[in-house]
Amino acid sequence: MQKNQDFDPAWLDKYVMPNYGRFQVWPEKGEGPYVWDRDGKKYLDFAGGVAVCPLGHAHPEVADAISRQAHTLIHVSNWYCIRQQAELAKMLVDDIMGIAGKCFFCNSGAEANEGLIKLARRYGFTKPKDDGSPRHEIITFTGSFHGRTFGAMSATAQEKIHGGFGPIVPGFVYVPFNDIEALKAAITDTTVAIMVEPIQGESGVNAMTPDFLRAVQACCQEKDLLMLLDEVQCGLGRTGELCGWKSIIPGDEIIPDAVSWAKSIGSGFPLGSFWIRDRELGHGLDSKLCDLLGPGSHGSTYGGSPLACTAALATLNVILRDDLTAKSAKLGQQIAEAVTAWQHPLIREVRAFGMLIGFELAEEVIAAKPEVKASGKIVSIYTAKALLDAGMMVVPAGPKVIRWLPPMNLTQAQASEGLALFKTVLDQLLEA
């Protein structure tokens with residue numbers, strides 16, 4: 001193969017596994033919130049690689065930083081000391097968390113959550129039940145999504161994710177989301193941790209209530225459980241707060257034991273991380289939680305490479321320097337207010353947290369349309385496809401929610417462009 005004209009689109013079906021249900025769009029170039037496909041069609045990208053592109057596409061500072069580092073040192077083993085890891089960990093601890101702790105670097109959100117699971121298991125081994133046997137059960141919640149690796153998949157309380165892969169990893173107890181009494185009832189002497197997304201993205205932008213978040217922390221403190229927050233999608237400023245849980249309860253009331261990140265951290269360069277709180281284990285143990293995973297207990301060949309950490313440092317520096325969290329909070333609220341003011345018959349509810357916005361559709365109305373029935377598609381996917389045809393990329397979330405995940409540096413004009421496209425498509429669906 002010499003040039004692009006030799007490319008055959010049929011190769012994707014012939015040589016690549018069919019595990020993704022892809023829209024038939026071939027993106028080739030991106031700039032800011034826009035993407036162009038191989039035919040030259042321009043799209044407004046409010047999918048953002050599923051919350052992965054906080055600065056849009058081809059941000060010059062990130063691109064230049066990656067280029068410089070690629071010409072210097074791409075990878076070195078974690079047998080050696082990597083300066084960029086130290087710099088990035090310091091930024092995550094001091095500037096993002098503001099709570100003393102330490103970080104581990106991997107390649108994805110699923111891997112970061114696997115790290116949280118291993119931390120919990122080690123904690124339960126170190127601080128066992130009264131009879132000396134390890135505590136190992138982790139409570140997770142309906143509607144959750146923690147990743148596709150086996151442990152993370154098993155932590156995900158969705159049967160559709162487990163289907164055809166059983167038996168799943170034991171040790172997870174599923175509890176209804178935002179149900180305080182069910183949570184309390186599920187805790188036993190075998191429980192070691194509670195793992196939760198402050199804002200569930202994949203199931204439709206569903207947030208913990210303040211009372212539930214407080215209850216999770218209270219249960220962890222009372223029963224000596226680890227409080228594990230999955231902020232892979234909602235963290236690092238996307239919700240209008242550097243820490244996603246602070247979009248629910250601002251300030252310093254909530255102090256987790258560990259937090260996972262990925263997606264927005266590196267502007268699309270594969271990187272994941274998790275932070276563990278610097279606190280004493282207690283009960284006469286001369287160690288700290290953040291040191292519990294010592295040499296030989298956990299690792300990653302590629303995790304925290306000089307190139308990956310450089311991409312993250314450049315990305316987070318722009319987010320912090322330009323105060324994109326505050327800008328996201330303000331513009332996200334304006335978008336939500338604008339759509340709410342439409343009082344559109346096809347919108348049931350708007351759930352907005354900065355640049356993480358869910359629009360719940362009138363599922364029964366849209367599903368009854370002849371064209372939708374004939375397509376065989378669920379309402380969220382049918383609507384996402386209609387928006388794509390109109391030149392706008394969004395992400396379906398569950399059967400009836402459309403998710404917007406625009407760049408955090410989105411302008412007012414670009415938001416208005418998205419709103420106009422969205423309303424046009426909704427009106428067309430209504431009239432169909």
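Q: Which helix and strands each supply at least two residues of the lining of the second largest pocket?
A: In this predicted model, the elements that each supply at least two residues of that lining are helix H4 (83-97), strand E4 (101-106) and strand E12 (272-277). Strand E4 gives the largest share of the lining, namely four residues.

Q: How much space lies in the second largest pocket, and which residues are the closest to its centre?
A: The general idea is that rolling a probe the size of a water molecule over the atoms shows where empty space is left. Here the second largest pocket holds about 720 Å³ of space, and, of the 23 residues that line this pocket, those closest to its centre are Gln 85, Cys 103, Phe 104, Phe 105 and His 298.

Q: How do the residues of that lining divide into nonpolar, polar and charged?
A: The lining of the second largest pocket has eleven nonpolar residues and eleven polar ones, together with one charged residue.

Q: How many cavities of 30 Å³ or more does the structure hold, and what lines the largest cavity?
A: A cavity is a space where the probe fits but cannot get out, whereas a pocket is open. The structure holds one cavity of 30 Å³ or more, and the volume of the largest cavity is about 30 Å³. Its lining is made by Gly 32, Pro 33, Asp 45, Gly 48, Cys 53, Gly 56, His 57, Leu 405, Pro 406 and Pro 407. Sorted by class, the residues lining the largest cavity are five nonpolar, four polar and one charged.

Q: How many salt bridges are counted, and where does Arg 351 take part?
A: A salt bridge is counted where a side-chain nitrogen of Lys or Arg comes within 4 Å of a carboxyl oxygen of Asp or Glu, and by this rule the count comes to 20 salt bridges. Arg 351 meets Glu 349 in a salt bridge with an N to O distance of 2.9 Å, and Arg 351 also forms a salt bridge with Glu 360, where the closest N and O atoms are 2.8 Å apart.

Q: Are Arg 351, Glu 349 and Glu 360 buried or partly exposed?
A: Arg 351 counts as buried because its relative accessible area is 13%, and Glu 360 is likewise buried, with a relative accessible area of 15%. Glu 349, at 38% relative accessibility, is partly exposed.

Q: Where do Lys 423 and Asp 427 lie, and why are they separated by about one helical turn?
A: Both residues lie in helix H15 (residues 412-431), and they are separated by about one helical turn because they are four residues apart. Lys 423 is partly exposed at 30% relative accessibility, and Asp 427 is partly exposed with a relative accessible area of 24%.

Q: Which residues do salt bridges that share partners join into one network?
A: Such salt bridges join Glu 349, Arg 351, Glu 360 and Lys 400 into one network.

Q: Which residues make the nonpolar surface patch of about 300 Å²?
A: That patch is made by Trp 11, Tyr 15 and Val 16. Trp 11 lies in helix H1 (residues 10-15), and Trp 11 counts as partly exposed because its relative accessible area is 31%.

Terms used
Residues are numbered from 1 along each chain as its sequence is written. This is a predicted model: local features need pLDDT of at least 70, side-chain atom pairs count only at pLDDT 80 or more; totals for chains, interfaces and linings use all residues. Side-chain values use heavy atoms; hydrogens and water are left out. Patches are made of residues with over 30% relative accessible area and no salt bridge: like charges are joined within 9 Å, nonpolar side chains (Val, Leu, Ile, Met, Phe, Trp, Tyr) within 5 Å. Accessible areas come from the Shrake-Rupley method with a 1.4 Å probe; for residues, only the protein chains shown count as cover. Buried means under 20% relative accessible area, exposed over 50%, partly exposed in between (1.4 Å probe, protein chains only). On a 1 Å grid over the protein atoms alone, a cavity is a set of points where a 1.4 Å probe fits but cannot get out, and a pocket is an open set with protein on both sides within 12 Å along at least five of seven lines; lining residues have an atom within 4 Å of a point. Grid points are joined across faces, edges and corners, and a volume is the space filled by probe spheres set on the points. Ala, Val, Leu, Ile, Met, Phe, Trp, Tyr, Cys and Pro count as nonpolar, Asp, Glu, Lys and Arg as charged, and the others, Gly among them, as polar.
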